[in-house]
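Dear colleague,

Please find below the sequence and structure that I am handing over to you. My notes on what was found in the structure follow directly after it.

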Amino acid sequence: MKYIISGKNIELTEALKGYAEEKLGKLEKMLEGEVEAVITMSTERNLQIVEVKLNASGDTYRAECEDNDMYAAIDKLVDVFQGQIRKNKDKKDKMIKGESIREIDFTTKVEKETTKGEITKYITYSLKPMGAEDAKALLENTNDVFFTFVNIDTNKVNVIYRTKDGNFGIVEPNI
């Protein structure tokens, strides 16, 4: 791992540089290829701030941590990087394991023969209590033909639908 360490408003001691290199060196096992770490340590008021940018085989990771103690900030930073690297590796593994569209065999798809008048599709959704005007506004913003809702005025299930002439109608059951 290649380290570029700099400091702002702080004098970097060999012990501090060594600690940062030691802790960040543990991340090298998780990363592939040549790794470069750009480390910037600074102090603002009573806070010790560590900012690191890691470049590894085309992947870039960045984190910044602050604490009252520079060593504690470095420890926090390593934990953040471990999470980022693990998340990125899991994401790559999912992409690799996923079936490619080139490998899917579309010719073996067997379609079920259906006769006219058969129920072929079921849709489930939750009914939301709202006024008729609210339901109309929701229907206007979609390409749907109808919308089902619980009318807050009557406390009954209603269906608002779009008519052919561009107006709206409401169906309310009489129970």
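**Helix H1**

The buried residues of helix H1 are Leu-16, Tyr-19, Ala-20, Lys-23, Leu-24 and Gly-25. Here, buried means under 20% relative accessible area, exposed means over 50%, and partly exposed lies in between, with a 1.4 Å probe and protein chains only. Helices (H or I, at least four residues) and strands (E, at least two) are DSSP runs, numbered from the N terminus.

Please note that this is a predicted model, in which local features need pLDDT of at least 70 and side-chain atom pairs count only at pLDDT 80 or more, while totals for chains, interfaces and linings use all residues. Residues are numbered from 1 along each chain as its sequence is written, and side-chain values use heavy atoms, with hydrogens and water left out.

The buried residues of H1 pack against strand S1 (2-8), strand S2 (35-44), strand S3 (47-56) and helix H2 (70-97). H1 covers residues 14-25, and its 12 residues should span 16 Å at 1.5 Å a residue; the end C-alpha atoms are 16 Å apart, which agrees. The expected span of a helix is 1.5 Å times one less than its number of residues.

**Helix H2**

H2 has 28 residues and reaches 41 Å from its first C-alpha to its last, close to the 40 Å expected at 1.5 Å a residue. Its buried residues are Met-70, Ala-73, Ile-74, Leu-77, Val-78, Phe-81, Ile-85 and Asn-88. An α-helix has 3.6 residues a turn, so residues three or four places apart point the same way. The buried residues of H2 pack against H1, S2, S3 and S4.

Asp-79 also lies in H2, but this residue counts as exposed because its relative accessibility is 52%. The C-alpha atoms of Asp-79 and Leu-27 are separated by 9.7 Å, although the two residues are 52 apart along the chain.

**The nonpolar cores**

A nonpolar core is a set of buried Ala, Val, Leu, Ile, Met, Phe, Trp, Tyr and Cys residues joined through side-chain atoms within 4.5 Å. Which residues of the largest nonpolar core touch the most other members? Among its 25 residues, these are Ile-39, Met-41, Val-50, Val-52, Leu-54, Ile-74 and Phe-81. H1, S2, S3, S4 and H2 each supply at least two residues of this core, and H2 gives the most, with seven residues. A second, separate core of five residues includes Met-130, Ala-135, Phe-149 and Ile-160. In soluble globular proteins, nonpolar side chains tend to be buried together.

Contact means heavy atoms within 4.5 Å. Leaving aside neighbours within four places in sequence, Val-52 is in contact with Leu-24, Val-38, Ile-39, Tyr-61, Arg-62, Ala-63, Leu-77 and Phe-81.

Thr-40 lies in strand S2 and counts as buried because its relative accessibility is 17%. With neighbours within four places in sequence again left aside, Thr-40 is in contact with Ser-6, Lys-8, Ile-49, Val-50 and Glu-51.

**Two loop residues**

Most residues other than glycine have a negative phi, and most peptide bonds are trans. Arg-45, which is not a glycine, has a positive phi of about 55 degrees. This residue is in the loop between S2 and S3, and it counts as exposed because its relative accessibility is 85%. Ser-57 is found in the loop between S3 and S4, and its phi is also positive, near 50 degrees.

**The pockets**

The largest pocket has a volume of about 210 Å³. Strand S6 (residues 146-151) provides the largest share of its lining, three residues. The lining residues divide into seven nonpolar, two polar and two charged. One of the lining residues is Phe-146, whose place is in strand S6. Phe-146 touches Leu-139, Val-159, Ile-160 and Tyr-161, not counting residues up to four places away in sequence. The C-alpha atoms of Phe-146 and Glu-32 are separated by 54 Å.

The second largest pocket has a volume of about 160 Å³. Its lining includes Glu-32, Ser-57 and Asn-88. H2 gives the most to this lining, with four residues, and the lining residues divide into four nonpolar, two polar and five charged.For these pockets, a 1 Å grid is laid over the protein atoms alone; a pocket is an open set of points where a 1.4 Å probe fits, with protein on both sides within 12 Å along at least five of seven lines, and lining residues have an atom within 4 Å of a point. Grid points are joined across faces, edges and corners, and a volume is the space filled by probe spheres set on the points. Ala, Val, Leu, Ile, Met, Phe, Trp, Tyr, Cys and Pro count as nonpolar, Asp, Glu, Lys and Arg as charged, and the others, Gly among them, as polar.

Yours sincerely
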